[in-house]
Amino acid sequence: MIRALLLASALLAAPAVAGPAGAQTPAAAPLTLDEVLRSSARAAPQIVEALAKVRSAEGRALTADGAFDTVFDVEGRSRALGYYDGTVASARATRPLTGNGGYVYGGYRVSRGGFPVYEDENYTNRLGEVKVGALYSLLRDRLVDERRTRRTLASGDIDIARFEREAVAIGVQRRAIDAYQTWVAAGLRLRAYRDLLELSESRRGGLSRQVQLGARPDILLAENDQNLVRRRALVVRAEGDFAAAANALSLYFRDDAGEPVIVGPERLPRDAGALSGVMVANVADYAQRRPDLQVLLARIDQGSARLALAQNDLRPRFDLRGELGKDVGPVGLGGPSRTPLEGAIGFRFSMPLQNRAAKGRMAEARAEMDALSARSRFLRDQIAVEVEGISINVGAAERLAEIAEQERQLAERLAAAERRRFELGSSDFFLVNQREETANDARVRLIDAQTRIAAARAELAAATADRAALGLDR
């Protein structure tokens, strides 16, 4: 910490920065808020972590889509011993329907040799049998089934991960703005205290000559030295605050490799214009942009999907099935009865008599949706109150800054006038020091007021999820 303080003090006082070989290089351009926001949006570890969670959710969605993959099966069977020498080989491809709980399939089968009568269905013509078919759900699983529900839930998880990433990014950018404004304000305070110290140092030479000539008493020089010590203490404390602020800023300002960068004092902006902060341009429909509200709405949609699946499980199952088959080629050992085109239809019906598991899932899903709906209503009200309160704070901070600016101008006029009176011998040393310190305090209070404006504007940008103001649309 001591090393950082000494480094900050030396760099702030130096007009140029030494390069790696000791050569002097021109001072770097002042660090801007836009530069910090771009850096944090690109390389902040919290945002990188949130992006990884989005990719994880996308991976789970791909897993859910795997339930609709086409499956290819091959099976073969040959009698190695015994009276019969039949061999049969078959291949089948099955593809689930994406809009129904059923599936379609197609297959090919070919056999050689003889089979016992109880395996007569294994016979095919010499070139085999081609078969296609489909199963279609008419009641249960017609509109929704477990596979489609898992895909819907996985899609909702992607949305939730993206909204959570957005919330993380907004929070990171909000803290990055605070860190930058704190660093700028600490640097400007340090300049103010250095200017105050320079007044005492520049005055000491004149007082020393006047004391040597007998024009001023010795006590006046001692009093000036006392002020010098007190003002040096203010500078040292401000240097510590400035070094700590630069250290905190490094969490958000990073290089191309993502490593934290300690910003040197040579990059401090020259005036308080850097404390203007961000301007919120988009305040309409801010509630719909809030990611925390969007997360709740996505969870409500997932609850609706679970409820629909539970209601589906209460329905009777009624599946319709159709199949076409055709043997091709010369007649095999099974005879000519397999040559004509074959077609078959069938159905399956089942009905749950109790199904308490599905009823329990319905009750659970409804309760969860009621809770989420109540939470979303409260969050909407909370967001509206929060934004209104921050807007009030922004207006109050701007008015206080105007008053602080007026106070600074008046205090500096009084201090300048008092110094002229002191140089002419019409004022005493205590009063001129009092005027200078009052003017410097007014200067510091103006910096604090401007910092509060910047903080309130950043908070408003975060509360309204203004991506442009937070540097997330670049």
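1. Helix axes are lines fitted to C-alpha atoms over the stretch in contact, and angles run from 0 to 180 degrees between N-to-C directions. Helices are DSSP runs (H or I, at least four residues) and strands are runs of E (at least two), numbered from the N terminus.

2. The model is predicted: local features need pLDDT of at least 70, side-chain atom pairs count only at pLDDT 80 or more, and totals for chains, interfaces and linings use all residues. Residues are numbered from 1 along each chain as its sequence is written, and side-chain values use heavy atoms, with hydrogens and water left out.

3. Helix α7 (residues 291–313) and helix α8 (residues 356–423) have axes that come within 9 Å and cross at roughly 160°. This angle makes α7 roughly antiparallel to α8 (the term applies over 145 degrees). The contact of α7 with α8 comprises 13 nonpolar, five polar and nine charged residues; Ala, Val, Leu, Ile, Met, Phe, Trp, Tyr, Cys and Pro count as nonpolar, Asp, Glu, Lys and Arg as charged, and the others, Gly among them, as polar.

4. There are 34 salt bridges, each a side-chain nitrogen of Lys or Arg within 4 Å of a carboxyl oxygen of Asp or Glu. One of them joins arginine 79 to glutamate 119, with the closest N and O atoms 2.7 Å apart. Arginine 79 lies in the loop between β3 (71–78) and β4 (87–96), and glutamate 119 in the loop between β5 (103–112) and β6 (129–137), so the pair ties together parts that are 40 residues apart in sequence.

Technical notes: Angles under 35 degrees count as roughly parallel, over 145 as roughly antiparallel, 65 to 115 as roughly perpendicular and the rest as oblique.
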